[in-house]
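Dear colleague,

Please find below the structure that I am handing over to you, together with its sequence. My findings follow directly after it.

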Amino acid sequence: MTGRNQTVISEFFLLGLPIEPEQQNLFYALFLAMYLTTILGNLLIIVLIYLDSHLHTPMYLFLSNLSFSDICFSSVTIPKLLHDMQSQDSSIPYAGCLTQMYFFLFFADLESFLLVAMAYDRYVAICLPLHYTAIMNPKLCLSLVVLSWVLTTLHAMLHTLLMARLYFCANSVIPHFFCDMSALLKLSCSDTRVNELVIIFMGGLILVIPFLLIIMSYAQIVSSILKVPSARGIRKAFSTCGSHLSVVSLFYGTVIGLYLCPSANNSTVKETVMAVMYTVVTPMLNPFIYSLRNRDMKGALRRVFFKKKIPFAV
Ligand SMILES: *[C@@H]1O[C@H](CO)[C@@H](O)[C@H](O)[C@H]1NC(C)=O
């Protein structure tokens, strides 16, 4: 160790997206448009839920939290990506890199926990409708949100501290568009076995347990519908669970696609494309999935924006 000429790296360089220079402007416009859509769409959901008292129910309060988390999640990576695409200076200081990694993990986990809280809410609404208001009281909702924040803080902190132990010496070019944990591990010249074990173990806990909980609540919902099959019951279940189920499939679909599909030799490109899917596309689609297919949200949109403007038409 002492004999080796070891320089400790103070900044990294992000390689960015694997695209041709002449397509740079096209992709810049595309990502900027997607980012603005994400911000505006999710802000609209938060504002609607805040302003319309019909939507002050657990499901919509969780949805508002999810939108907040979507805004933050995409803001962790996309502004830096847009900056790098335009300025050709893609360096990021060491501390900045760890900070980005921390918040990336934080908001990704938060999303996963909020999806569980929403699944539990749908389970209680459909399987125990008579006890719904007693079970999903404001105190429980707040506790679920606070618990999500605490767990996700601990998890992101654990990975960030483990990463901070490592040395980076020769190579400082990250083949990615943000400080991705696995890309950083590959660059390190320390022993990364502990980090990898913790990633596998905690990744299992943080992704598999929420996923199983969601599957379990949907299994309960389906079996309770099948017990008394009625067209009305099925329609109600579809209208209240459909949006949530779409978001869940989108979120876990990309994550499972990334981790379970065996990666070939060209894995960097595949990882980048998948990362674009879940950092840019998923947060953008969530508001559309909820607002376009959902009668409550459309009603709220009408009440909040047109209530005062067209009183003469009535
Ligand atoms: C998040 O959920 C909690 C509990 O339901 C709620 O009190 C809070 O207002 C929500 N936060 C946002 C930003 O919607």
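His159 is found in helix 5. In this predicted model, His159 has a relative accessible area of 4%, and it therefore counts as buried, the cut-off for that term being under 20%. Apart from neighbours within four places in sequence, the residues in contact with His159 are Met101, Leu105, Met181, Val198, Ile199 and Met202.

The residues around the ligand are Leu61, Ser64 and Asn65, together with Cys141, Leu142 and Val145. By class, the shell comprises four nonpolar residues, two polar ones and no charged ones. Ser64 places a polar side-chain atom 2.3 Å from an oxygen atom of the ligand. For Asn65, a polar side-chain atom likewise lies 2.3 Å from an oxygen atom of the ligand. On its own, the ligand has 360 Å² of accessible area, of which the protein covers 66%.

Once neighbours within four places in sequence are set aside, Leu115 is in contact with Leu66, Ile214, His244, Val247, Val248, Phe251 and Tyr252.

Yours sincerely

How values were computed:
Residues numbered from 1 in each chain as written. Predicted model: local features only at pLDDT ≥ 70, side-chain atom pairs only at ≥ 80, totals over all residues. Heavy atoms only, no water. Near = heavy atom within 4 Å. Polar contact = N/O pair within 3.5 Å; in protein donor to acceptor, adjacent residues only side chain to side chain. Areas by Shrake-Rupley, 256 points an atom, 1.4 Å probe, with all protein chains shown as cover. Nonpolar A, V, L, I, M, F, W, Y, C, P; charged D, E, K, R; others polar. Contact = heavy atoms within 4.5 Å. Helix = DSSP H or I, 4+ residues; strand = E, 2+ residues; numbered from the N terminus. Buried < 20%, exposed > 50% of the residue type's maximum accessible area, 1.4 Å probe, protein only.
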